[in-house]
Amino acid sequence: MAIVDIGSNSVRLVAYEGMTRAPTPIFNEKVLCGLGRSVTTTKRLRDDAVEKALRALARFRVLCGLMQVGSVHVLATAAARDAENGPDFLARAEAAIGHPIELISGSREAQLSALGVMSGFHDADGVVGDMGGGSLELIDVRGFELGKGVSLPLGGLALQDTTGGNIRKASKVVRDAFARAEPLERLKGRTFYAVGGTWRALARLHMTQKGYPLHVMHGYTVAPKDVTDFAKIVERVDAETLESIEAVSAARRPLLGYGALLLEEIIRKGKPRTVVISAQGVREGLLYEKLSNEERRMDPLLSAARELNLLRSRAPMHGEELIGWTDKLVASLHLDETGEERRLRHAACLLADIGWRAHPDYRGEQGLNIIAHAAFVGVDHPGRAFLALSVFFRHVGLSVDDISPRIRELVTTRMIDRARILGGAMRVAYLVSAAMPGVLPRAPITGHGGKLVLALPGDLAALASDRLLNRVKQLSRLVGREPVIQTGK
């Protein structure tokens with residue numbers, strides 16, 4: 001399946017592997033056409049922007065044919081809907097791409113953006129803001145419930161056009177528009193989910209300035225005060241002077257100030273608890289909308305982890321059994337595990353063996369890097385680091401001295417402790433089972449009084465060894481129990 005998004009600033013093609021709860025992009029290309037430039041004042045799409053967009057769509061048509069895409073969906077947003085020559089452009093665009101184009105309304109765009117955030121975050125709760133070139137959509141999301149969306153003419157190109165490139169004038173335009181933006185009235189103390197290329201570019205610059213250890217955009221979280229401080233800098237200085245500005249395309253740089261201004265005013269008006277960047281929006285929302293209700297309610301992190309387990313583990317069923325095996329261990333030890341910690345532990349079990357094809361000396365490092373930078377959704381950055389550390393400990397050993405200090409910046413002391421316990425349990429599990437299914441259900445490890453007991457049935461009694469006992473000892477020290485390997489019935 002592929003989605004073509006004809007936006008006010010860019011025209012983009014994203015092809016996905018298939019219709020799943022955690023769809024994997026296999027091809028992603030954008031062309032910055034600037035269709036929305038000057039539409040606010042002239043009411044027309046510029047000829048040069050139209051020609052550039054049509055060339056991009058013709059290219060995308062050929063690419064979809066080469067990839068043998070089974071289903072192509074084409075969406076058009078603010079620029080095409082606001083321009084007087086929009087209908088003529090859409091007719092030519094349909095001929096270029098070879099598929100019908102759905103011209104979506106502002107409220108429909110807000111709904112799809114919210115569905116994209118709902119798809120990409122576990123139990124999302126807050127207000128979604130999707131900043132494009134021509135408009136800003138705002139909509140409330142609580143779990144699986146959506147509020148009424150609003151669309152405001154506050155896209156980067158629209159603001160630049162309306163104010164003649166004057167940021168100070170733009171500030172008044174934004175404040176006047178936000179006076180009637182109902183979703184922002186429900187944002188206080190909740191999360192603001194920022195969607196759109198300009199905000200992602202700002203976040204990339206903020207990451208660089210901060211020296212942030214994980215260059216993953218989705219789920220990047222910033223405190224409101226930090227956002228406003230950075231926004232003021234971006235509004236004040238020439239974009240070319242910003243650190244790592246070369247990471248932002250030249251066409252998008254003039255819009256950074258407007259993106260910063262919008263974020264600053266959203267925080268001033270809505271007073272959110274935190275600001276989170278979402279790499280998912282309208283396109284992913286459309287995919288999510290096409291799923292069944294049962295599929296929508298699946299955990300996106302666990303769905304993605306299961307796919308990676310299926311693709312890269314020696315025996316995928318072993319990962320599933322490891323979940324049940326550690327469930328019993330945690331329950332018997334009476335560890336105060338939260339619901340979020342439980343789902344992270346389950347995901348780590350599914351990912352525990354994905355690095356097995358690497359050289360033994362590099363399995364821990366490779367597993368950590370794959371997990372830390374994978375295209376996962378439904379997990380925040382501390383959770384992503386926990387998953388990576390759990391698998392790292394499983395391969396390398398339980399010493400905290402071997403952890404990268406950059407990864408340690410992302411997690412709490414409790415998370416490191418839980419990752420070591422889980423990694424220690426995995427080290428026992430893989431030595432007992434040789435990564436093969438059918439063994440762990442017969443060889444549980446549980447806490448009994450002051451003891452940690454690994455029970456091996458009679459036909460597996462010969463698995464007991466000094467090496468296995470040493471691993472049980474390592475785990476027992478972490479949980480404060482006496483190690484025992486029990487053989488027999």
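Author: The chain splits into domain 1 (2-103), domain 2 (106-281) and domain 3 (300-487), with bounds that come from an automatic or database domain assignment. Residues are numbered from 1 along each chain as its sequence is written, and this is a predicted model, where local features need pLDDT of at least 70, side-chain atom pairs count only at pLDDT 80 or more, and totals for chains, interfaces and linings use all residues. Side-chain values use heavy atoms, with hydrogens and water left out.

Let's look at where domain 2 meets domain 3. Their C-alpha centres sit 38 Å apart. On the domain 2 side 14 residues join the contact, and domain 3 brings 13 residues; contact here means heavy atoms within 4.5 Å. About 1100 Å² is buried between domain 2 and domain 3, with carbon and sulfur atoms giving 61% of that. Buried area is the accessible area (1.4 Å probe) that two parts lose on being put together, summed over both. In domain 2, the residues losing the most area to domain 3 are H122, P213 and L214, together 47% of what that side buries.

What about polar links? The rule finds five residue pairs in polar contact across this interface, both residues at pLDDT 80 or more. A polar contact is a pair of N or O atoms within 3.5 Å; within protein, one must be able to donate a hydrogen and the other to accept it, and residues adjacent in sequence count only if both atoms are side-chain atoms. Salt bridges (a side-chain nitrogen of Lys or Arg within 4 Å of a carboxyl oxygen of Asp or Glu) come to zero between domain 2 and domain 3.
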